[in-house]
Amino acid sequence: MPNLGPFHPQVVHFVVALGLVGVAFRLVSLTGRLLWTRPAATVLLLVAAIMSIGAVQSGHDAHGLVERVPGSREAVEKHEELGETTRNLFILVGILELVALVVRKKERVQRGIYVVSALAGLGASFYLYEAAEHGGELVYNYAGGIGLRTGDPQDVQRLLVAGLFHEARLARDAGRKDEAARLIEELARQAPSDAGVRMLAVESLIKDRGNPRAGLDTLSAMPVPADNPRFAIQKGVLASDAYVLLGQPDSARAILQDLARQFPTSRSVADALARLK
């Protein structure tokens, strides 16, 4: 059987959309109004049941590397358990919908089956929500799957770059400037050709290493692309920060005022001017 792991996000979203809408249609159909919701619910719930099987299988295929990430095993197992329960309930709903089609000539019996199907569908919806919530936690809190889905080494490197960036920011905010500087230096080694990373390295030189003069020297040697106003703004704001640390607020203000004339809508320039006041 082919590896379905890379398709797990797509398959799961089909289950979420079809399953929840199908259950909603089944509930509406029990009111006796909007008669078209009765067959529509059957189709949606049957497809959701089939897709739920694919969702669980693709999840099993995807979890190998994710589960080996330190600290993520318990989160992976909980997500899988909820996904399997969701699948089982949707399969039950699908079976009930098929039985209801078989007994369609017995209106009261069919209605009773639809009531049971709706109740089972509500249970499936609850577990579907829980599985989705734990899946989101696995992805966003444990970085499960991020950078791994395609198998491209560049995607994995982007994951490392993002981790270094965010960890450095947290270290700086917590006052651990030496650690922030170390992380930014590693980031610069990982992406030496990235202009944004070079700018982060200058920022670290000024704010973490406390060496504004070296920061200004580095900035002066950095050309500003004509088609990149954001880069020009970053460079100017960093230079103003360096002049403030050197005890030259007038130089900082002159740079920012010049930027404000060039880029009057820039929020970062306005914020930097406000800090000077």
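**Notebook: salt bridges and helices in a predicted chain**

I began with R209, which counts as partly exposed because its relative accessibility is 41%. The model I am reading is predicted, so I looked up its confidence next: the chain averages a pLDDT of 87, and 90% of the residues score at least 70. Among the elements, α5 has the lowest mean pLDDT, 84, while α6 has the highest, 92.

**Entry on the fold.** I found 11 helices and zero strands in the chain. Of its 277 residues, 36% count as buried, and I noted an accessible surface of about 16,000 Å², with 61% of that belonging to carbon and sulfur atoms. For contacts with a separation of 6 or more, I recorded that 60% are between residues 24 or more positions apart.

**Entry on salt bridges.** My search of the whole structure returned 14 salt bridges. In one of them, R209 pairs with E185, and their closest N and O atoms are 2.7 Å apart. This pair links distant parts of the chain, since E185 sits in helix α6 and R209 in the loop between α7 and α8, 24 residues apart. E185 has a relative accessible area of 37% and is therefore partly exposed.

I then turned to D241: is it buried or exposed? At 16% relative accessibility it counts as buried, the cut-off being under 20%. D241 forms a salt bridge with R275, with the closest N and O atoms 3.9 Å apart. I placed D241 in helix α9 and R275 in helix α11, so that this pair, too, links distant parts of the chain, 34 residues apart. R275 itself is exposed, with a relative accessible area of 56%.

D241 also forms a salt bridge with K207, again with 3.9 Å between the closest N and O atoms. Because K207 lies in helix α7 and D241 in helix α9, the pair ties together parts that are 34 residues apart in sequence.

**Entry on α5.** I checked the length of helix α5, residues 153–173: at 1.5 Å a residue its 21 residues should span 30 Å, and the end C-alpha atoms are 31 Å apart, which agrees. Its buried residues are D155, L164, A168, A171 and R172, and they pack against α6 and α7. After the helix comes G175, whose phi is positive, near 85°.

**Entry on the surface.** I noted a nonpolar patch formed by L27, V115, L119 and L122, with about 330 Å² of accessible area together. Helix α4 gives the most to this patch, with three residues. L122, which is in helix α4, counts as partly exposed at 42% relative accessibility.

Terms used: Residues numbered from 1 in each chain as written. Predicted model: local features only at pLDDT ≥ 70, side-chain atom pairs only at ≥ 80, totals over all residues. Heavy atoms only, no water. Helix = DSSP H or I, 4+ residues; strand = E, 2+ residues; numbered from the N terminus. Buried < 20%, exposed > 50% of the residue type's maximum accessible area, 1.4 Å probe, protein only. Contact = heavy atoms within 4.5 Å. Areas by Shrake-Rupley, 256 points an atom, 1.4 Å probe, with all protein chains shown as cover. Expected span 1.5 Å × (residues − 1). Patch = residues over 30% accessible without salt bridge, like charges linked within 9 Å, V, L, I, M, F, W, Y side chains within 5 Å. Salt bridge = Lys/Arg side-chain N within 4 Å of Asp/Glu carboxyl O. pLDDT = per-residue confidence, 0-100.
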